Amino acid sequence: MKVRASVFASFILIFEGIGIALFLRGFFPVPLKSSVSSKNKLSDLPAEPLTGSAPNSSRLPQPLFKRVVIMLVDALREDFVYGANGRMYMPYTRHQVERGSSHSFVAKARPPTVTMPRIKALTTGSIPGFIDVVMNLNSPALLEDNLVWQAKAAGKRMIFYGDDTWVRLFPKHFMEYDGTTSFFVSDYTEVDNNVTRHLDSTLKRDDWDILILHYLGLDHIGHISGPHSSLIQPKLLEMDDILKKIHSSLISKEAEGSLPYLLVLCGDHGMSETGSHGGSSEPEVNTPLVLISPAFKRKVGLEKPAAVEQVDLTPTLALGLGLPISQNSVGRVIPGVLEETSLRDQLRFLHLNGHQLSCLLKDSMPDHEKEAGFEQFRVAERAHGSWMKLFLEGNTSEVLNNMGKKVLKQYLEALAAMSSALSKQLGKYDMYSMVAGMVFVFQLLLVLLLAMPEALSGAAAVDLPVLPALLSLPFYLLCLLLASVHVLVCTSTESSCYFCSLSWGLVFAAVAFSSAMFCILVSMATRRLPLGPKIHGKSPLGGSSGSEWSLSELDVLLLAGTVGQTLSLAASSFVEEEHQIWYFLLNTLCLAVFQDVCRKYFREQSGSGDEEEPILPSKDCHPPAHPKAEICSEKWLALATPPFTLVCCRLLRSLNQTGVQWAHLPDMGHWLNSSEHRTVLSLLAAFCLVLIYLLVQRRCSWVSKVALALGLLGVYSYRAAVGNVLFPWQHSGRTTSKGTVEARFVYVFILGILFTGTKDLLRSQIITADAKLKSRGLWEIYSGLVLLVSLLFRAHNLPVLCCCLLIQTLMAQFIWKKLHYDAAQTTIMHYWFGQAFFYFQGNSNNIATVDISVGFVGLESYVEAPAIFLTALSTYAGPLLWACHLVCFLSSQRDRSPVALGHGCYCLALLRSVPAAAYIVLVTALRYHLFIWSVFSPKLLYESVHLLLTAGVCLFFNTMEQSHSSSKS
Amino acid sequence: MWDHEIRAMASTHAIIASSVFMATVLPAALVPGFSVYGTHLLWLYSVSGAVTAVSVAVFWLLGITPPTKKHTVGFKLSRLFRSCLYFFLSCLFFHTVVVLYGAPLIESALETFSLAVLLTSLTTLRCLCVLGPNVQAWIRVFSRHGAMSVWDTCLQITVACTVVGAWVGAFPIPLDWDRPWQVWPVSCSLGATIGFLTGLVAAPAWIHYHRKHLTYKCK
């Protein structure tokens with residue numbers, strides 16, 4: 001089956017998008033959420049189970065503790081307390097663990113072992129993933145049902161001192177708070193003193209119920225010098241002293257008759273042997289959990305602390321304080337804490353916890369009936385009911401006690417089963433879906449690579465052996481094999497898997513598709529093999545015409561840059577600072593182009609002058625004839641273009657500082673946005689808009705020209721209405737509005753321009769086969785896009801758009817056309833420019849730099865679909881504008897190379913899928929990396945959205961080429 | 001073919017390389033507190049000074065510089081003056097290029113300019129020594145198939161190695177390792193020096209292995 005290169009490329013990209021979507025689904029587990037996003041209320045609690053009918057005997061559980069002090073020490077590792085050095089590090093704590101009335105456990109934290117997700121886990125009891133971070137981009141506050149909210153709702157008075165992450169997560173929840181920032185990692189004394197300084201006065205007072213302390217110093221020491229440094233011991237001794245102080249104060253305050261206190265010492269995560277954290281190694285995951293309260297039995301000797309989950313603390317604290325357990329908690333109550341209460345209360349507590357877990361299970365799993373834990377819970381609940389009946393009848397025999405013990409055991413088993421079933425769904429990579437996605441993507445990438453010689457040939461058509469592949473025996477064998485593998489994997493894995501939960505039809509389609517791709521791959525590979533040396537000679541940059549092919553310096557640069565950039569994605573710093581790489585490559589590219597230009601204009605003539613005598617190039621500049629003068633001016637313009645581009649890039653680079661390491665440096669953008677420089681910003685914006693108009697209008701019809709001019713005026717007035725810029729007759733003290741009217745005014749013109757463009761395109765396609773009309777239509781669509789982007793860009797970013805258009809115009813005029821770069825080279829250059837402009841406009845690989853306010857331009861309130869569309873468009877404006885310019889440029893070059901569009905489309909697809917495919921492998925390999933959630937995952941999202949957009953652009957290419965071939969016929 | 005030239009080239013390069021070595025070792029012995037990272041600019045200037053002095057001396061002794069028609073003192077002086085001017089212009093050119101690559105414009109201008117001086121003394125100075133202050137010849141040598149003697153090829157290789165070395169040297173800067181050699185412009189100048197030394201070794205070796213295939217069209 002012969003398909004055109006552009007069709008082939010778009011097809012591959014679309015399927016790669018599906019593969020990556022599957023990968024993402026496996027990589028980011030969907031968080032468990034109750035279907036109703038409300039918060040549990042005390043009144044909603046289930047009644048005590050009782051066979052027979054006596055509902056009014058049901059009672060709410062009494063709280064166990066009056067006051068709770070939670071002392072959270074960041075990066076407190078389990079062996080700092082329980083290990084051999086524990087006696088030296090934390091003597092008082094150790095004494096309490098061994099001899100005091102306490103319970104001690106090893107609490108296992110879930111990766112990512114980073115502070116913020118861990119705080120969320122401790123307060124909500126759920127296991128937050130990366131998707132949570134993305135979903136809560138708008139609001140840093142924790143909206144989920146959580147312990148702190150519940151405590152506040154129940155009227156508990158809370159005080160917090162420590163890491164200001166808590167303050168951001170729970171604004172207005174604390175009666176009194178003092179947040180310390182963890183910004184300066186090198187400071188490990190001051191951060192802790194800032195917490196401790198409030199302690200004495202707070203402990204003397206009686207007006208609080210819950211005190212939370214979060215100490216950061218230990219974590220900072222770990223980051224500086226590791227867990228074996230000499231700084232560790234003094235810090236831990238300090239922590240120990242604080243614990244002693246709190247404990248003795250709590251003891252002295254305790255009054256006879258009232259409920260006892262509870263003192264909790266815990267860590268949010270541990271630290272690895274190098275002192276960092278984030279991964280899932282034992283020392284990072286294991287944290288100590290010490291509960292001290294007079295309500296507990298006094299210990300007689302050292303016991304090995306039992307292992308619990310970190311999230312188990314949440315339901316334990318909730319029940320201990322008499323609060324409802326938060327809705328999404330997957331923890332189970334720690335039974336040791338309840339030991340001293342009556343059997344009835346113990347059962348009641350376990351029942352409440354079990355009820356909450358079963359509700360969550362019901363909401364999050366479609367086949368919850370099959371879960372063993374769910375069934376166990378039902379049985380235990382029934383047994384509980386009959387026990388209650390006997391109990392209320394006044395039966396107090398030994399038999400009843402034993403029966404109660406049995407029910408207790410049943411409850412505990414049910415809780416364990418339900419909790420593990422729930423947490424298996426969370427915080428775990430769904431490897432099977434990830435691998436399946438990866439296999440898809442790589443098959444497609446290999447097919448794309450193997451098709452290179454054909455796709456870049458003069459015909460720009462790829463011969464896909466689809467039918468022979470479908471009819472061959474290996475295809476059916478492979479289908480069977482893959483289907484059996486699928487069944488095997490799905491029946492053997494314990495954890496849930498997205499790919500397994502798909503319907504059979506879809507899975508079968510995927511299996512058939514994958515085996516067909518494999519057969520196609522093999523047959524294409526065998527077809528290439530005998531021609532081995534020939535393929536070798538033809539590279540992506542070989543060009544369609546070159547019979548003898550050699551790499552020029554530019555080709556080497558383009559290839560090495562693309563490969564090197566892909567490889568650089570493996571280093572987290574390079575992902576954070578990816579813009580540096582693109583700027584660096586772009587600069588080098590401009591210099592290489594400059595060299596090419598110099599060579600063309602200086603060498604050519606010295607070559608022609610070889611026969612006569614070597615002449616100075618400057619002599620050429622004063623020829624008498626008119627055409628020669630034109631050539632001369634053109635030559636100097638061409639020579640000036642690359643340096644001009646370089647200067648533009650350097651200026652744009654200082655417009656928005658982005659990345660991580662140097663993001664704090666002052667940049668032009670901030671300077672322009674400060675209120676004193678509003679006049680400068682206004683002038684700059686006006687100048688840029690005028691320049692944009694001049695650059696865009698030259699190839700538009702007069703209707704679009706007028707629309708464009710009015711639209712750009714509208715853009716300025718929108719910015720003035722929002723308050724970014726000033727009209728000359730205005731004063732800065734004016735009230736600002738949302739600018740809805742102005743923005744809608746611009747939208748009207750954008751739609752008008754797009755409509756004229758489409759009309760021209762259609763006319764050129766159907767009525768007259770007029771190439772001129774067509775290129776005008778294309779340019780009008782492009783100018784519509786430019787107008788939209790100029791509306792969405794912030795005022796200080798308008799120079800980016802302006803420079804983009806300027807560079808495009810100059811490069812197209814003097815470089816790409818004149819130096820006879822082929823479609824592949826031009827495409828790679830466009831792609832590089834697009835990438836660099838992505839970062840010029842202030843983006844980075846961090847989710848935080850996405851400008852969400854764009855989603856509200858011209859809208860009264862948040863409407864999801866247009867908001868997402870506008871945000872994506874403005875974020876990817878750079879790459880999109882360059883890709884659209886590529887379409888315009890290549891289709892205007894048609895008379896030179898009729899298949900340029902096909903080549904360009906193919907190269908664009910290749911350029912996008914190579915890094916995307918490499919990146920998903922890298923991410924899979926680095927999935928336990930410290931920065932997987934903070935650095936690599938956001939980049940993964942950026943990559944996949946970019947792939948999606950490129951697929952869209954390729955489809956656009958496709959329609960352009962289609963109309964071209966139809967107009968030719 | 002060209003065995004004589006290759007031998008001369010190898011020994012010249014050995015002398016220049018040893019001058020780089022001495023410029024690193026001698027100050028370390030003489031100046032207290034000298035280190036390549038700590039007192040980087042001092043090291044940088046000592047290397048560029050040593051390379052400048054040694055190259056000028058060696059190439060003058062070898063007499064590779066194209067013979068000039070005139071031998072008047074005035075012509076020689078103007079030649080010297082032009083060489084100095086080109087040297088300074090080349091420093092400015094490298095400085096501009098490095099700033100275009102993203103070096104801060106004002107903040108660490110001294111460091112940037114020092115790097116430009118080093119690059120100039122490693123690249124432009126050799127051109128001045130071999131080709132003289134003659135832009136035409138430079139353009140010829142650095143365009144494709146422009147080499148007309150073994151020395152031209154050698155010049156191409158060493159210059160390319162130095163520039164690529166400095167280029168590659170910029171890559172470790174964004175990494176968050178916090179090492180002393182990641183400070184601007186240490187990695188770039190080290191890269192340039194290492195590239196230059198590689199070029200010194202690679203040029204005679206490459207010419208030696210390709211001596212059968214090398215053909216130069218004569219003027």
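1. A word on bookkeeping. Residues are numbered from 1 along each chain as its sequence is written, and chains are lettered from A in the order in which they are written. Since this is a prediction, local features need pLDDT of at least 70 and side-chain atom pairs count only at pLDDT 80 or more, while totals for chains, interfaces and linings use all residues; side-chain values use heavy atoms, with hydrogens and water left out.

2. Start where the chains meet. On the chain B side, 22 residues are in contact with 26 residues of chain A (contact means heavy atoms within 4.5 Å). Together the two chains bury about 2100 Å², with 61% of that on carbon and sulfur atoms; buried area here is the accessible area, with a 1.4 Å probe, that the two parts lose on being put together, summed over both. Helix 3 (73-100) and helix 6 (135-141) are the elements of chain B that give two or more residues to this side. Helices are DSSP runs of H or I with at least four residues, strands are runs of E with at least two, and both are numbered from the N terminus.

3. What about salt bridges across the interface of chain B and chain A? The rule finds 0 of them, where a salt bridge is a side-chain nitrogen of Lys or Arg within 4 Å of a carboxyl oxygen of Asp or Glu.

4. F21(B), M22(B), V25(B), L26(B), L30(B), V31(B) and L42(B) make a nonpolar patch of about 650 Å². Patch members have over 30% relative accessible area and no salt bridge, and nonpolar side chains (Val, Leu, Ile, Met, Phe, Trp, Tyr) are joined within 5 Å, like charges within 9 Å. Helix 1 (residues 3-30) of chain B gives the largest share, 5 residues. L42(B) sits in helix 2 (residues 40-62).

5. Over in chain A, T826(A) belongs to helix 36 (residues 823-840). T826(A) is buried, at 1% relative accessible area (buried is under 20%, exposed over 50%, partly exposed in between, with a 1.4 Å probe and protein chains only). Leaving aside residues up to four places away in sequence, T826(A) touches W816(A), Y821(A), L886(A) and F889(A).

6. Finally, E273(A) is in the loop between strand 7 (261-267) and helix 13 (282-285). E273(A) is partly exposed at 45%.

Conventions
Accessible areas come from the Shrake-Rupley method with a 1.4 Å probe; for residues, only the protein chains shown count as cover.
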